[in-house]
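Biologist: Got the file open. Can you walk me through the sheet and the chain contacts?

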Amino acid sequence: MAQPNDRRYTKTHEWVKTAGTEATVGITQYAQEQLGDVVFVELPAAGKKVDRGGALGNIESVKAVSEVFAPLGGTVSAVNGELEGHPELVNQDPYGAGWLVKLTVAPGAPEGLMDAAAYESFLAEEGAH
Amino acid sequence: MDEAHLKRTPLFECHVEAKARIVPFAGFEMPVQYTGVLDEHRAVRTAVGLFDVSHMGEVDVVGRRALDFVQYVTCNDASKLAVGRAQYSGLMTPRGTFVDDLLVHKISDERYFLVVNAANKDKDYAYLCAQAVGFDGVEVRDRSDDYAQIAVQGPKALPTLQKLTPAALAEIKYYRFVNGEVDGAEAIISRTGYTGEDGFEVYVAPGDAARIWRALLAAGKEFGIMPAGLGARDTLRFEACMALYGNDIDDSTTPFEAGLGWIVKLDKGGFLGREALVRQQGDGIRRKLVGFEMTGRGIARHGYPIWASGKEVGAVTSGTHSPTLGKPLGMGYVPVELAGLGSVFDVEIRDQKVAARVVEMPFYRRAR
């Protein structure tokens, strides 16, 4: 399973892609597979400040609810409104149309997060396929 | 439970081949989903799905006083059963609450075949054995390892199963069963299920199970059959408002509170819990299991508190986003004053109060 090279990953299976001070956040292919069919996505309001590692929202599948954590601290600048009517986008395109929120973050490359290769090794160690 | 001690059903290899996601459940390694809960759910509502329910417990009650014993430990009236009929019932505590819910099948005057929840099987068997001490002429046998159970469920269940059996399936009415052959192997074929659809539950010897499973998948292929896991089993039974032990009923709830008064036959003679149930019928229940829809945004889940007038008044027992109705629904216990259709209360979802309204149960009823 190839992870996109243009972003960074967390051990809690979120991804973040930065461009200047804008950081787009979503969950990984592995995370969406584990969740199963997503039926509801609960996201913060624009303007909300979030801490790195803090709660960013919740994703509900038919089976269970799962918390999403912020890969970086910042201020929510946008949420993916498409998910309100089409939560299944998180399953279908987790790295694209299934993005969750955009954050305004401090400029500079995000530190302490895994690149694609490191995340794949992490998944392998976790026993995921 | 330690994973090393988890049991496997005779169909385990079939699930691995099908790339199911396997989870520990009731002491077994069980498939929770194959392709996805929503697809599997839809297959059962519109075509046919196949479930491995071999983890369920089977207990035989045999002997000259088998009926007396079944009558004593359960709340429904087993004397009404003719040979070849099944009945939904409750295994009762002396307090009139559920040790378990179960199906009672009358095999003969001296043999009743009980099917109980996997998670409760050991508890039920011990309870039945303890109660049987006072009965001469009754033997209780745990037969769980002697049977695999496959549920074939959905509008195309009958034509699928019919390809593999000479038994005239259309003549088996709901909650009746026959001893017959499936794919040449001896089987109990029962027109029962836990999905709200038409269908059959087939009990076979463990050694025949994998062959029959594969034959059923081939037989149902033209109808779009899918193997379905525990995830879809739960969403299907939930929409049909069939109780799940440990969620909607347990040893603190009575059949009257759970809306299952129809399985309580107080006039059948003495049985465990009868006095408590007579008392509750006289006094009236104080809380009741209701179905509700979320009018605010959010999904109620098992254990979430229910609030009304600034007080915590109950709890959600089951809840999810209903795949068929396309909206979040739930079930939970509330005070009877709040149990009427249209009553409103709040469900606490992650520190937020989200509005809900009582609606009719079951949420889903198949067209007949």
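Biologist: In what order do the 5 strands of the open sheet in chain B run?
Modeller: The order is β5-β6-β7-β4-β8 in chain B, with antiparallel pairing. Strands here are DSSP runs of E, at least two residues, and helices are H or I, at least four, numbered from the N terminus. Two strands pair if DSSP finds at least two bridges between them. This is a predicted model: local features need pLDDT of at least 70, side-chain atom pairs pLDDT 80 or more, while totals for chains, interfaces and linings use all residues. Residues are numbered from 1 along each chain as written, and chains are lettered from A and ligands numbered from 1 in written order.

Biologist: Which are the edge strands?
Modeller: β5 (86–92) and β8 (139–142) of chain B, each pairing on one side only. Neighbouring strands are turned by 30 degrees on average, direction ignored.

Biologist: How many bridges join β6 to β7 in chain B?
Modeller: 6, between residues 98–108 and 111–116. Lys106(B) has Tyr112(B) in β7(B) as its bridge partner.

Biologist: Which strands does helix α4 of chain B lie across?
Modeller: Helix α4 (121–132) lies across β4, β5, β6, β7 and β8 of chain B, at about 15 degrees to β4(B). Axes are lines fitted to C-alpha atoms, for helices over the stretch in contact; angles run from 0 to 180 degrees between N-to-C directions.

Biologist: New topic. How many residues of chain B are in contact with chain A?
Modeller: 12, against 9 residues of chain A. Contact means C-beta atoms, placed from the backbone, within 7 Å. On the chain B side, α2 (37–46), α7 (230–239) and β16 (311–322) each give two or more residues.

Terms used. Two residues are in contact if their C-beta atoms, placed from the backbone, lie within 7 Å.
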